[in-house]
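Hi everyone, thanks for making time. Let me put the structure up, and then I'll talk you through a few parts of it.

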Amino acid sequence: MDFKFSEKEERLREEIRRFARVELAGRNTIAGMEEESSDEDWEFAMSMSRRLAQKGWLTMAWPKEYGGQGASFFEQHVYVDEASYWGIPGTSMGVSGIGWVGLSLMLFGSDEQKKKYIPLIASGDPDGVWCTAYSEPNAGSDFANIQTRAVKSGDEYILNGQKIWTSCAHRARWCWMAVRTDANVKKKQHGISLMIVDMKSPGITIKPILNYAGVHIFNEFFLDNVRVPVTNLVGTENRGWYHLMQSLAFERHSMAPQFFGSARRILEYIVKYVRETSYNGKPLASDPVIRNKIAERAIELDTLKLFGYEITWKMSRGVIPVYEAARNKAYCDFFMQRLATTGTEIIGAYSQVDMTSRWSRILGLITRLYLMFPGLSIAAGTDEVQKNIIGQFKLGLPRAY
Ligand SMILES: Cc1cc2nc3c(=O)[nH]c(=O)nc-3n(C[C@H](O)[C@H](O)[C@H](O)COP(=O)(O)OP(=O)(O)OC[C@H]3O[C@@H](n4cnc5c(N)ncnc54)[C@H](O)[C@@H]3O)c2cc1C
């Protein structure tokens, strides 16, 4: 075991730092799902995606034949951590494509799908932006309850139904969708299939849902006789549940290095703030309660770092992490909530102002995290769902479904 990155990896980190300082030129960037909200932020994010692709970073660990660089998983880990630290927009292009669609297609896509879609994602082009439609009004944690029907008719499927909470549907060119291809099954996990849906297809209606911060991330998604070529079926018909469990592991795994990078930056800012801010004539940094709280968050940040390294190490050895991905997701949820709460307690009433206000502190990062963490802990499966997976795969408890 070696707890040091190689010289090559450290050089990469330094290069990303230089890139961020120049390209972001001191602007307070919005990275992550909020970049999907305003046209201006989205345009900037997409221009950065192309720049990142040109630098060879966007999908660096993907094989060269698919537009990657064949870099190691650890190089990619360094890139995601450092890019998240700086809040470089455009690193995830609506999350789905880079986070799990490309990797899933490499595992169970057809040759035609691999050739058509994976290099498009790697190019950083807007035509490589995806959304993911799993959730429905009656299928969230109980994902297997999906009702959106796909009925085969000649060389097409005809889709009818409704999806909800579909992040980035208003920006995406393609959708990674779970549908029901067989309704006469004893177990609802059977009869589910995975399909690629062209977002320009007639019969699709997207309606925005604004979150409580007024940000447009997710949408309602209606399908009315939408025609999908049978060649867009991914993997085996009616075996989608098993493919989707794999995709969800990729999704949950992709969160740890990202959250680690942004949390690392927030904790550094909090430390700087308590050093520079006084209360009743004394620096906040000399208050034992505040010191204790920050030290607790530092321990948790280190834990998240090691959890992330473990998965990257396993992936570099060809192991697909299922329990570990659920554990990291559950831990991120818990840690981000505690970090947001500690930050709010330290900056006090300044946490209550709009992020763009001159009264805002720490670039509005604490306020933003406080507003986002409940949603982050629900997206990609709630903590309770992650704990059910941990019970099954780590502790050998009976299935929860
Ligand atoms: C920011 C954000 C982005 C999202 N983006 C997408 C997207 O792009 N695509 C998409 O398809 N979906 C997306 N979602 C939806 C998300 O996947 C669902 O909200 C999530 O799976 C929970 O489903 P639900 O909201 O129906 O809650 P429910 O499943 O109704 O859960 C309600 C509560 O009950 C608990 N619960 C339910 N079942 C169990 C159980 N068996 N054991 C213990 N506790 C249980 C849950 O943990 C939760 O606390 C997004 C959500 C958010 C917040």
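So, a question to begin with: which residues of strand S3 are on the covered face, and which are on the uncovered one? Before I answer, some ground rules. This is a predicted model, so to speak: local features need pLDDT of at least 70, side-chain atom pairs count only at pLDDT 80 or more, and totals for chains, interfaces and linings use all residues. Residues are numbered from 1 along each chain as its sequence is written.

Okay, S3, residues 156–164. The covered face has Tyr157, Leu159, Gly161 and Lys163, while Glu156, Ile158, Asn160, Gln162 and Ile164 make up the uncovered one. Strands here are DSSP E runs of at least two residues, helices are H or I runs of at least four, and both are numbered from the N terminus.

Who are the neighbours of S3? Strand S2, residues 149–153, pairs with S3 in the antiparallel sense over five bridges; pairing takes at least two DSSP bridges between the strands. Arg149 has Asn160 of S3 as its bridge partner. The S2–S3 hairpin has two residues between the strands, and Gly154 there takes a positive phi near 65°. S3 also pairs with S7, again in the antiparallel sense, over eight bridges, and Glu156 has Pro229 as its bridge partner in S7.

Now the core. The largest nonpolar core has 103 residues, and Cys175, Met195, Met336 and Leu369 touch the most other members. A core here is a set of buried Ala, Val, Leu, Ile, Met, Phe, Trp, Tyr and Cys residues joined through C-beta atoms within 7 Å. Buried means 20 or more other C-beta atoms within 10 Å of a residue's own, exposed means 12 or fewer, and partly exposed is in between, with C-beta atoms placed from the backbone. Leaving out residues up to four places away in sequence, Met195 touches Ala150, Tyr157, Met177, Val179, Val228, Asn232, Leu233 and Val234. Contact is C-beta atoms, placed from the backbone, within 7 Å.

On to the ligand. It's surrounded by 21 residues, the closest being Gly140, Ser141, Ser167, Thr382 and Glu384. To count as near, a residue needs its C-beta atom, placed from the backbone, within 6 Å. Strand S1 (130–133), strand S7 (216–229), helix H9 (365–378) and helix H10 (383–393) each supply at least two residues of that shell. By class, the shell has 10 nonpolar, 10 polar and one charged residues. Nonpolar is Ala, Val, Leu, Ile, Met, Phe, Trp, Tyr, Cys and Pro; charged is Asp, Glu, Lys and Arg; the others, Gly among them, are polar. Domain 2 (131–238) and domain 3 (242–393) each give the shell at least three residues, with bounds from an automatic or database domain assignment.

That assignment also gives domain 1 (7–126). The C-alpha centres of domain 1 and domain 2 are 25 Å apart, and 14 residues of domain 1 are in contact with 15 of domain 2. On the domain 1 side, helix H4 (96–108) and helix H5 (111–122) are the elements giving two or more residues.

Most residues other than glycine have a negative phi. Asn280, though, has a positive phi near 50°, and is exposed, with 5 other C-beta atoms within 10 Å. Leu363 has a positive phi of about 55°, and sits in the loop between helix H8 (323–347) and H9.

Terms used. Two residues are in contact if their C-beta atoms, placed from the backbone, lie within 7 Å.
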